[in-house]
Amino acid sequence: MRISIKSLLLATLAGLSLTACGDNGERASARAERMKPATSVTSMEVSMRQPPGAAVSIGPDGTLKLDDVALPQPPEKQQVLQNYFGQLQMRRQQVLDQLQANPGKPVSIAPDAQIKQLQTELLAEFPELRPYAGSLELIRLESR
């Protein structure tokens, strides 16, 4: 049995095209979800993403970073950032069982009244966070 190069090439291309369009809808949907403005909460930082802007993060000690550059803050403002970080960590602890049951899959929540009040304070106190207001509406709690 002799297989021509042309037949082999056509079979390979057909296989590749089937593979490429197999779960294209799922991938596009997941990519669109990741590109939404959001706040991500891990054990070590709270980060806000508002594409196409640079990421902003808050550390456990109240450090505010814009694209990995620390922005110096007076102690009173650092306390506000620490409080926000701590409140989001408490929400993350509440869903830790869910996070551990599905590793790698974040749990998305909407901010409750207490978090919304803190977010309003953040936007008033930190002008550099105002462009990220849209990312405060969706909070993703992560296992890492």
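1. Contact, as used in this note, means heavy atoms within 4.5 Å. The model is predicted: local features need pLDDT of at least 70 and side-chain atom pairs count only at pLDDT 80 or more, while totals for chains, interfaces and linings use all residues. Residues are numbered from 1 along each chain as its sequence is written, and side-chain values use heavy atoms, with hydrogens and water left out.

2. Ser 57 belongs to strand E3, residues 56–58.

3. Along the sequence the pattern reads α-α-β-β-β-β-β-α-α-β-α-β. Of the 144 residues, 31% count as buried. Among contacts with a separation of 6 or more, 61% come from residues 24 or more positions apart.

4. Met 48 lies in strand E2, residues 46–49. Met 48 counts as buried because its relative accessibility is 1%. Not counting residues up to four places away in sequence, Met 48 touches Ala 38, Thr 39, Ala 55, Val 56, Ile 58, Leu 129, Tyr 132, Ser 135 and Leu 136. For one of these, Ile 58, 10 residues apart from Met 48 along the chain, the C-alpha atoms are separated by 8.7 Å.

5. The loop between E2 and E3 contains Pro 52. The peptide bond from Pro 51 to Pro 52 is cis, with omega near 5°. Most peptide bonds are trans, and most residues other than glycine have a negative phi.

6. Two non-glycine residues with positive phi deserve a look. Asp 67 has a phi of about 55° and is placed in the loop between strand E4 (64–66) and strand E5 (69–71). With a relative accessible area of 51%, Asp 67 is exposed. Asp 68 has a phi of about 70° and also lies in the loop between E4 and E5. Asp 68 is exposed, its relative accessible area being 69%.

7. Helix H3 (residues 75–94) and helix H5 (residues 113–125) have axes that come within 11 Å and cross at roughly 150°. The contact involves Lys 77, Val 80, Leu 81, Asn 83, Tyr 84, Gln 87, Leu 88 and Arg 91 of H3, and Gln 114, Ile 115, Leu 118, Gln 119, Glu 121, Leu 122 and Glu 125 of H5. Axes are lines fitted to C-alpha atoms, for helices over the stretch in contact, and angles run from 0 to 180 degrees between N-to-C directions. H3 and H5 are therefore roughly antiparallel to each other (under 35 degrees is roughly parallel, over 145 roughly antiparallel, 65 to 115 roughly perpendicular and the rest oblique). Their crossing is left-handed, meaning that the near helix is turned anticlockwise from the far one by less than a right angle.

8. The charged end of Lys 77 sits over the ring of Phe 126, 5.1 Å from its centre; the criterion is NZ of Lys or CZ of Arg within 6 Å of the ring centre and within 35 degrees of the ring normal.

Technical notes:
Helices (H or I, at least four residues) and strands (E, at least two) are DSSP runs, numbered from the N terminus. Buried means under 20% relative accessible area, exposed over 50%, partly exposed in between (1.4 Å probe, protein chains only).
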